[in-house]
Amino acid sequence: MTLKINPPFVEKVLIGFIREELRKFGFRKGILGLSGGLDSSVCAALAARAVGAQNVLGLVMPYGASFDADAKHAGRLARELGIRSRVIDIAPQVDAYFSAHPTRTRVLPGNKMARERMAVLYDFSAREKALILGTSNKTELLIGYGTVHGDMASAINPLGDLYKTQVRRLADHLGIPAFIRRKAPSAGLWAGQTDEGEIGLTYAEIDRILEFLVDEKRTVREAIAAGFRPSAVKKITLMIRNSEFKRKLPVIAKLSHRSVGHDFLYPFDWGR
Amino acid sequence: MNLALAQIAPRLGDVRQNVETHLETIDRARRAKADLVVFPELSLTGYTLKDLVPEVALDPLSDPQFRKVAARTRGLSAVLGFIEERASEPGIFYNSAAFVSGGEIRHVHRKVYLPTNGMFEEAKFWAAGRRFAAFETPFGRAGLLICRDFLHLGAGYVLFAGGADMIIVVSAAPGRGVSEGEAFETSRMWELMGEALSYFSTTCVVYTNRVGVEDGVSFAGGSFIYGPGGRLLARAAYLEPELLVHRVDLSAVRRARMQWLFKRDERPEVILRSLERMVRDPED
C-alpha cells in the first residue's frame, strides 16, 4: 500500500455519503467550521458538490485578530466555492473565561477555543437546521491529535478514513486553491503553531507508519525491521494507545441485562 | 431468458417502504420483459440491522407484506432477501433469500457462512443455515447463495454438483479498500469469483449487490452476469442504483459443457468420500 487513492472515485463515494446521510437525518443543509486549512476546505468543497453550494454554511471563527491570514483564506475559499459563510469572533467568550481562570499554558486556551467553536457550530446547526460536518482526518483520529468535544465533535465525518496525505491528493483533484494547499498544516492552537512542529514528525512519515501498522496490521517490530525510524514508530504507537478515549463514547458501568453502550445495539441509520 | 438485476438501496429497518420499492421494481422489470428479477441480500430490511432483527423478521409462509411482493410475481420470478423467522421455530432468525415464481415460493436459502469479524457481526444477530441445494425453476435448475456463501469454494461446488445451470448470488457487500483503481478493491474479489465459478462450473453466475450507505458504509454495487465459460455478459455501475436488464441464452450452458468437460467428468462420490474421511478423523 502506498497511500494512493483514485481521487474521482473517492470523491464519488464521499459525495454519496454526505448526500445520503443528510437526507437520512432529515437535513437539506450542511454546516462546518472553516479554518482556512486543508481539511475543512476539502470538506466544504465535497459538501458543495453533494448538496449544492447554496446549502452549505461555513463558519469562520477566529480568535480576535490572531490567525488573521487564515480567516481571510477561509473567506476567500467560501467565495470561490460559492458557499455561504459567516465570521464569528470567539475572543469575547474565551477571554471572559480566562480572565476569571488564568493559565500560563498554551494548550488550555487552544482546547477552549476548539470547544467554543464546537459550541457555536452546534448553536448554528440548530438555528440553521444544518447538519454538522466533521473535518478530522484519519491521521488525527488515530494519533488523537484533536480536542475531544472540540474539533473532533460532529454529526457525520466524510474525511475520517483518509490520511492527511490522501486528503492532500483529494484537494489537488478538487481544485482547492494554492493559497490553502501550500500552507503548513496547523491546528491553530496558537500563533505560528504547526502540526508537524508540535508532533515532531512529518505527516509523510506518520502516514506511512500508520498505514503499515493499522491498515496492514503489522507489528511495531515489523515496522522497525521494514526501515521506519524506531523512535517515530514507538511515539506513534503510544499516541494511538493513549488517545483511544477520544474515539469512544464514555464508558458506562454495566448493571442490567441490556445497557446503553454495551448491548443496546442499533444502527445510526435506524429506519432512515 | 431476460434477467433483471435490481441494484437497489433498501431503507434500513423499514419493511413497508422496501415492499413498495420491490413492487415498483418488479413492475419495471415486467415492462422490460424480464423473466427473473434478482434483488440483493436482505432487500426487504436493509443490512446493518443489529437489534432491529426481531422487529423486521417475518415468516414467508404467512406474512402479509411478504405475500404482497410474492403475489406481484405473476408471470415472472423474483429472488428477494429477508430476515426469516418461521412460526415453527420462533426466536430463531436467519438471513434468507427466497426464489418466488408466479406467487409461489420455490426455494428458500438460509445464509450458511456468517461473517463475524472486523466490521461484520452477523453471527451475533442471526443463526447459520445448514444446507446448499439446487432446485428447479421455470428456466432450469438453479442454486442460491447469499453474499459470503459465494466466496467459499464448497458452496458453489455443491450447487454445481447438484446440477445447477444458474447460480444466483444476492449480496450486501460493503466496499472496502481504495487505491488507484476506479472501484473499491473488494469489487475485484466478487468479479474474480464470478469469472472463476462460471468458467469451472460451466454455469451462468448472476450476482446482485446493493448500493446505498448505512452507518457510513457504502455498498459497492457492480452487480454482474457471467455466462458459462467465464464470459462477462453485463455489469451494473458501481455505487449507483440501477435496474440492469440483460438477455441470457441458457443454451450456452450446453455448448460450454460440450467444450469443457468439468461437469461430465466431475466425481462427487470421490469428493464426498475424501471429505467424510477428513471430517471423521481430522488428524488423519
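This is a predicted model: local features need pLDDT of at least 70, side-chain atom pairs count only at pLDDT 80 or more; totals for chains, interfaces and linings use all residues.
Let's start with chain A, where four strands make an open sheet in the order β3-β2-β1-β4, with parallel pairing. The edges are formed by β3 (84-87) and β4 (130-132) of chain A, each of which pairs on one side only. On average, neighbouring strands of this sheet are turned by 25° against each other, direction ignored.

Helix α2 (residues 38-51) of chain A packs on it and touches β1 and β2 (56-60) of chain A, with a direction about 170° from that of β1(A). Helix α5 (residues 107-128) of chain A lies across β1, β2 and β4 of chain A and runs at about 165° to β1(A).

**A helix pair in chain A**

Two packed helices are described by the angle between their axes and the distance between the axes. For helix α1 (residues 7-24) and helix α7 (residues 164-174) of chain A, the angle is about 95° and the axes are 9 Å apart. Angles of 65 to 115 degrees count as roughly perpendicular, so α1(A) is roughly perpendicular to α7(A). On the α1(A) side the contact is made by A:Pro7, A:Pro8, A:Val10 and A:Glu11, and on the α7(A) side by A:Arg169, A:Leu170, A:His173 and A:Leu174. Sorted by class, this contact has five nonpolar, one polar and two charged residues.

**Strand β12 of chain B**

Over in chain B, strand β12 (residues 224-227) is covered on both faces. B:Phe224 and B:Tyr226 are buried on one side, and B:Ile225 and B:Gly227 are buried on the other. In a regular strand the side chains alternate between the two faces of the sheet.

| Partner of β12(B) | Sense and bridges |
|---|---|
| β9 (residues 204-209) of chain B | antiparallel, three bridges |
| β13 (residues 231-235) of chain B | antiparallel, four bridges |

B:Val205 stands opposite B:Tyr226 in β12(B), while B:Phe224 stands opposite B:Arg235 in β13(B). β12(B) and β13(B) form a hairpin with three residues between them, and B:Gly229 in the turn has a positive phi of about 95°.

**Cores**

The largest nonpolar core has 79 residues, and those with the most contacts inside it include B:Val38, B:Val79, B:Ile168 and B:Val206. Not counting residues up to four places away in sequence, B:Ile168 touches B:Val38, B:Val79, B:Ala142, B:Gly143, B:Leu144 and B:Val206. A second, separate core of 64 residues includes A:Ala47, A:Leu133, A:Leu201 and A:Val233.

**A loop residue in chain B**

B:Ala32 sits in the loop between α1 (15-31) and β2 (36-38) of chain B. B:Ala32 counts as partly exposed because it has 13 C-beta neighbours inside 10 Å. Its contacts, leaving aside neighbours within four places in sequence, are B:Ala4 and B:Val245. B:Val245 is 213 residues away along the chain, yet the C-alpha atoms of B:Ala32 and B:Val245 are separated by 7.3 Å.

**Where the chains meet**

Finally, the contact takes 20 residues from chain A and 20 residues from chain B. On the side of chain A that touches chain B, the residues divide into eleven nonpolar, three polar and six charged.

Key. Residues are numbered from 1 along each chain as its sequence is written. Chains are lettered from A and ligands numbered from 1 in the order in which they are written. Axes are lines fitted to C-alpha atoms, for helices over the stretch in contact, and angles run from 0 to 180 degrees between N-to-C directions. Helices (H or I, at least four residues) and strands (E, at least two) are DSSP runs, numbered from the N terminus. Angles under 35 degrees count as roughly parallel, over 145 as roughly antiparallel, 65 to 115 as roughly perpendicular and the rest as oblique. Two residues are in contact if their C-beta atoms, placed from the backbone, lie within 7 Å. Ala, Val, Leu, Ile, Met, Phe, Trp, Tyr, Cys and Pro count as nonpolar, Asp, Glu, Lys and Arg as charged, and the others, Gly among them, as polar. A residue is buried if 20 or more other C-beta atoms lie within 10 Å of its own, exposed if 12 or fewer, and partly exposed in between; C-beta atoms are placed from the backbone. Two strands pair if DSSP finds at least two bridges between them. A nonpolar core is a set of buried Ala, Val, Leu, Ile, Met, Phe, Trp, Tyr and Cys residues joined through C-beta atoms within 7 Å.
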